[in-house]
Amino acid sequence: PAVGWGYPALDWFEVEAAPREARPAGREARLVEQTADGELVARLLAEPGVDPNAVASVHTPLTRAAELGHLEAVRLLLEAGADPGRADGAGATPLSGAAARGHLEVLLLLLGRGAAVDVAQPVGGFTAFHYTCYSNQPECAEVLVRAGCGIRIKDGDGSTGRELAQANGHAAVVERLRAVVVEQLQAAPAR
């Protein structure tokens, strides 16, 4: 059976739910599947020739760890050379996965390691900001705005993140965004 992603920009991309033995073999695939186990991630990364940026089962180890909020695995993968901006096979970045799920500590770590805030997915055009607004994650939305994300960027359907939050009744996101913009306007030098 096919499993959908549950986010508009990714619904086009379905993954066949294969039995564990039918999934891609190799250390990179194990990294993707075992991101909850920091000790195993560390052991796998210590093996010669392991590529922390490899795509296995659609994900990179970092996109999967970020999406699931496995902070220790994210830290280990970044230390091993995983690219914080590398998209996976579906075009998702680690930042967009963390933003969509509200993993604030992971989001902050990725931003601190240079993850670009305005990367849009090839299908649907969602950025991390769109995901955080669509998924009702006010803290992550604020962090992305303070990090300089483009709040006026429109997705493939012509909506900004704020418009997605409004359309889905996410008042907490809309209010948080309003408060940050007011604060930024008050702090701006007079013209």
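**Close-up views of a predicted model**

**View 1. Asn53 in the loop between helix 2 (38-46) and helix 3 (61-68).** The model shown here and in the views below is predicted. With a relative accessibility of 19%, Asn53 counts as buried, because the limit for that class is under 20%. A polar atom of the Asn53 side chain lies 2.7 Å from the backbone nitrogen of Asp83. Asp83 is also among the residues in contact with Asn53 once neighbours within four places in sequence are left aside; the others are Thr60, Gly81, Ala82 and Arg86.

**View 2. The largest nonpolar core, with 39 residues.** The residues with the most contacts inside this core are Val74, Leu77, Leu95, Leu107, Leu110, Phe129 and Leu144. At least two core residues come from each of helix 2, helix 3, helix 4 (71-79), helix 5 (94-101), helix 6 (104-112), helix 7 (128-134), helix 8 (138-146) and helix 10 (171-187). Helix 4 gives the largest share, 6 residues. In soluble globular proteins, nonpolar side chains tend to be buried together.

**View 3. Leu77 and the residues in contact with it.** Leu77 is one of the residues with the most contacts inside the largest nonpolar core. Apart from neighbours within four places in sequence, Leu77 is in contact with Leu31, Val41, Leu45, Pro52, Pro61, Leu62, Ala65 and Ala82. Ala82 is in contact with Asn53 as well.

**View 4. The buried residues of helix 6.** Val106, Leu107, Leu109, Leu110 and Leu111 are the buried residues of this helix. They pack against helix 3, helix 4, helix 5 and helix 8. Two of them, Leu107 and Leu110, are listed among the residues with the most contacts inside the largest nonpolar core. Just after helix 6, Gly114 has a positive phi of about 95 degrees.

**View 5. Cysteines in a structure with 0 disulfides.** Cys133 is buried, at a relative accessible area of 0%. The cysteine sulfur closest to that of Cys133 belongs to Cys149 and is 7.6 Å away, which is too far for a bond because a disulfide needs sulfur atoms within 2.5 Å. Cys140 is likewise buried, with a relative accessible area of 2%.

**View 6. Ser135 in the loop between helix 7 and helix 8.** Ser135 has a relative accessibility of 16% and therefore counts as buried. The side chain of Ser135 reaches back to the backbone oxygen of Tyr131, at 2.9 Å.

Notes:
Residues are numbered from 1 along each chain as its sequence is written. This is a predicted model: local features need pLDDT of at least 70, side-chain atom pairs count only at pLDDT 80 or more; totals for chains, interfaces and linings use all residues. Side-chain values use heavy atoms; hydrogens and water are left out. Helices (H or I, at least four residues) and strands (E, at least two) are DSSP runs, numbered from the N terminus. Buried means under 20% relative accessible area, exposed over 50%, partly exposed in between (1.4 Å probe, protein chains only). A polar contact is a pair of N or O atoms within 3.5 Å; within protein, one must be able to donate a hydrogen and the other to accept it, and residues adjacent in sequence count only if both atoms are side-chain atoms. Contact means heavy atoms within 4.5 Å. A nonpolar core is a set of buried Ala, Val, Leu, Ile, Met, Phe, Trp, Tyr and Cys residues joined through side-chain atoms within 4.5 Å.
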